[in-house]
There are 6 protein chains.
Amino acid sequence: MPFITVKVLEGKTVEQKRELVQKMSELVSDVFEVEKEKIFIFFEDLAPHNYGKHGELLPYLNTSSVEESGEQA
Amino acid sequence: MPFITVKVLEGKTVEQKRELVQKMSELVSDVFEVEKEKIFIFFEDLAPHNYGKHGELLPYLNTSSVEESGEQA
Amino acid sequence: MPFITVKVLEGKTVEQKRELVQKMSELVSDVFEVEKEKIFIFFEDLAPHNYGKHGELLPYLNTSSVEESGEQA
Amino acid sequence: MPFITVKVLEGKTVEQKRELVQKMSELVSDVFEVEKEKIFIFFEDLAPHNYGKHGELLPYLNTSSVEESGEQA
Amino acid sequence: MPFITVKVLEGKTVEQKRELVQKMSELVSDVFEVEKEKIFIFFEDLAPHNYGKHGELLPYLNTSSVEESGEQA
Amino acid sequence: MPFITVKVLEGKTVEQKRELVQKMSELVSDVFEVEKEKIFIFFEDLAPHNYGKHGELLPYLNTSSVEESGEQA
C-alpha cells in the first residue's frame, strides 16, 4: 500500500520504467509518509490498436496535427 | 473523462475495435453531454487461458452447449 | 463477455446511466456479434478530489478556461 | 457477479490457473452464497519488467535475499 | 504478488469478507506456491445503480425471474 | 496518456493528493517525455474492511507488530 498502476502507450524502455519506479517510490514515500517497502507499481503497456480517443482508434487518428504528434512519437 | 475499458475475449479485429470506438464515443458524448475529445477508450484482450467462468477455465469448458458456442466462436 | 467499465466524474444521474447501459449493450452486441445477455457494464464514480489532470487536482484547476468548464459542469 | 481479477507474475501454468478457477469458484460460491454460474475470474500476467517494488523494478532487485527468492522462482 | 480484486454487489458483511480473505489466501498460497504474506486482496463494492447487465441497469431489471432473484438478494 | 491509478488506504488528505498530483505529473512528464496535459491521475480510496493481506482482513490484523503499525496510522 499504495498500489500504483501506470497505463502507458507501448514503447517505453525498461530503463525508463526503472527510473520511474525509483523516483515514483521516493515521491510517494515522501508525500504519503509510507515506507518504500510498502509501495507496489505496475505498468500496463497499451498497443495503439487498443486505444481510442477523440472518437477514433489511435492508428487511424490524423497525426499531422501538432497536438497528437508528441504522444505517438 | 469518461474513461472506458472494454475487456473482451481476444480475436476481435482492428476494424471491429475502430467501429466500436467511433460509435461508442458518439453515444457517450450524447448521453453524458461531453465532448468526444474528452472520451478515452481502452481495450483489454483476454486470452482463453486467462478467463474462467462457470467454475472452469475457458479452454476446458464443455462447448457443445448452445449457450457457450457463440462466445468462443 | 465483454466486460465494460465506465469511469466518470460523479454527478451522472441514474437515468443517464440507464440510458447508456441500454444503448451501449445494443451497440456492443451489434459490433462484436455477441448476445446482450453476455455483456456486463460497470460504472465507477470519480470524486473531483480523486482526479488529477494537467498537473493539478481537479478542485484546484483554473476553470475559467472554456476547455475545462464543460467537463465539470 | 462477483468478478475476480488475479494479477500474478507471469509463469503460472494453465494447470495451476485451472485448479485455481475450480477451487476459487467453489470457495466464493460458498462464502457469498452465489451460484458458480455467476462467478467470473480473470488472470492478468505481469512481466517482471512491468512490476516494481521496494523502490526498484523487479529485474534489478537484489534477489540474493531470502525474502525475494521465493516470489521470483 | 499475487494481487486479487473481488468486485461484488454491495451488501456483503465484514464477516463474509474476512472469511473469504482467510480461505482465499490459503487457497492461492497452495496452488501458486507462494507465501500468504505476499498475497493482497481488495474488495470493490458495486452499487446496483452502477451495474448493468442483460441490456438494463440492475434496479430496472425484471427480478421476477428465478435467474435474477438470487443475485440481488 | 499515461493514465495512473493510485490505490491507497483511505485517510489521505486532499492536500496530500494535490501535492502528489503536482509532483507525479512533473516526474512522469520528465521520464516519459510527455506533456503534463496528457497525464491523468486517479485515486482510489480503500476502506480497511475492503483490504486483506497476510491472510487476514485489515481490521483484524494484529497491529501490535512494528511492521504493520506504520501503514494503518
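Predicted model: local features only at pLDDT ≥ 70, side-chain atom pairs only at ≥ 80, totals over all residues.
Strands of a sheet pair through backbone hydrogen bonds, and the pairing can be parallel or antiparallel. One open sheet has eight strands, in the order E4(A)-E3(A)-E2(B)-E1(B)-E1(C)-E2(C)-E3(E)-E4(E), with mixed pairing. At its edges are strand E4 (56-57) of chain A and strand E4 (56-57) of chain E, each of which pairs on one side only. Strand E1 (residues 3-9) of chain B and strand E2 (residues 40-46) of chain B run parallel and are joined by seven bridges. In this pair, B:Leu9 stands opposite B:Leu46 of E2(B).

Strand E3 (residues 51-53) of chain B runs antiparallel to strand E2 (residues 40-46) of chain D, and three bridges join them. Here B:Gly52 stands opposite D:Ile41 in E2(D).

## Helix pair of chains A and F

Two packed helices are described by the angle between their axes and by the distance between those axes. Helix H1 (residues 14-32) of chain A packs against helix H1 (residues 14-32) of chain F at an angle of about 165 degrees, with the axes 10 Å apart. Angles over 145 degrees count as roughly antiparallel, and H1(A) and H1(F) are therefore roughly antiparallel to each other. Their crossing is right-handed.

Residues of H1(A) that make the contact include A:Leu20, A:Met24, A:Leu27 and A:Phe32, and those of H1(F) include F:Leu20, F:Met24, F:Leu27 and F:Phe32. Also among the contact residues are A:Glu19 and A:Lys23 of H1(A), with F:Glu19 and F:Lys23 of H1(F). The residues of this contact of H1(A) with H1(F) divide into 12 nonpolar, two polar and four charged.

## Helix pair of chains D and E

The axes of helix H1 (residues 14-32) of chain D and helix H1 (residues 14-32) of chain E come within 10 Å and cross at roughly 165 degrees. H1(D) and H1(E) are therefore roughly antiparallel to each other. H1(D) passes H1(E) in a right-handed crossing.

The contact involves, among others, D:Gln16, D:Val28 and D:Val31 of H1(D) and E:Gln16, E:Val28 and E:Val31 of H1(E). By type, the residues of the contact of H1(D) with H1(E) are 12 nonpolar, two polar and four charged.

## Interface of chains B and C

The size of an interface is often given as the accessible area lost when the parts come together. Between chain B and chain C, the buried area is about 2,600 Å², and carbon and sulfur atoms give 69% of it. On the chain B side, B:Met1, B:Val31 and B:Phe32 lose the most area to chain C, together 27% of what that side buries. In terms of contacts, 27 residues of chain B touch 27 residues of chain C.

## Two backbone features

In chain A, the peptide bond from A:Met1 to A:Pro2 is cis, with omega near 0 degrees. A:Pro2 is in the segment before strand E1 (3-9) of chain A.

In chain C, C:Glu33 is not a glycine, yet its phi is positive, at about 50 degrees. C:Glu33 lies in the loop between helix H1 (14-32) and strand E2 (40-46) of chain C.

Notes. Residues numbered from 1 in each chain as written. Chains lettered and ligands numbered in written order. Heavy atoms only, no water. Axes fitted to C-alpha atoms, helices over the stretch in contact; angles between N-to-C directions. Helix = DSSP H or I, 4+ residues; strand = E, 2+ residues; numbered from the N terminus. Parallel < 35°, antiparallel > 145°, perpendicular 65-115°, else oblique. Left-handed = near helix turned anticlockwise from the far one by under 90°. Contact = heavy atoms within 4.5 Å. Nonpolar A, V, L, I, M, F, W, Y, C, P; charged D, E, K, R; others polar. Pairing = 2+ DSSP bridges. Buried area = accessible area lost by both parts, 1.4 Å probe.
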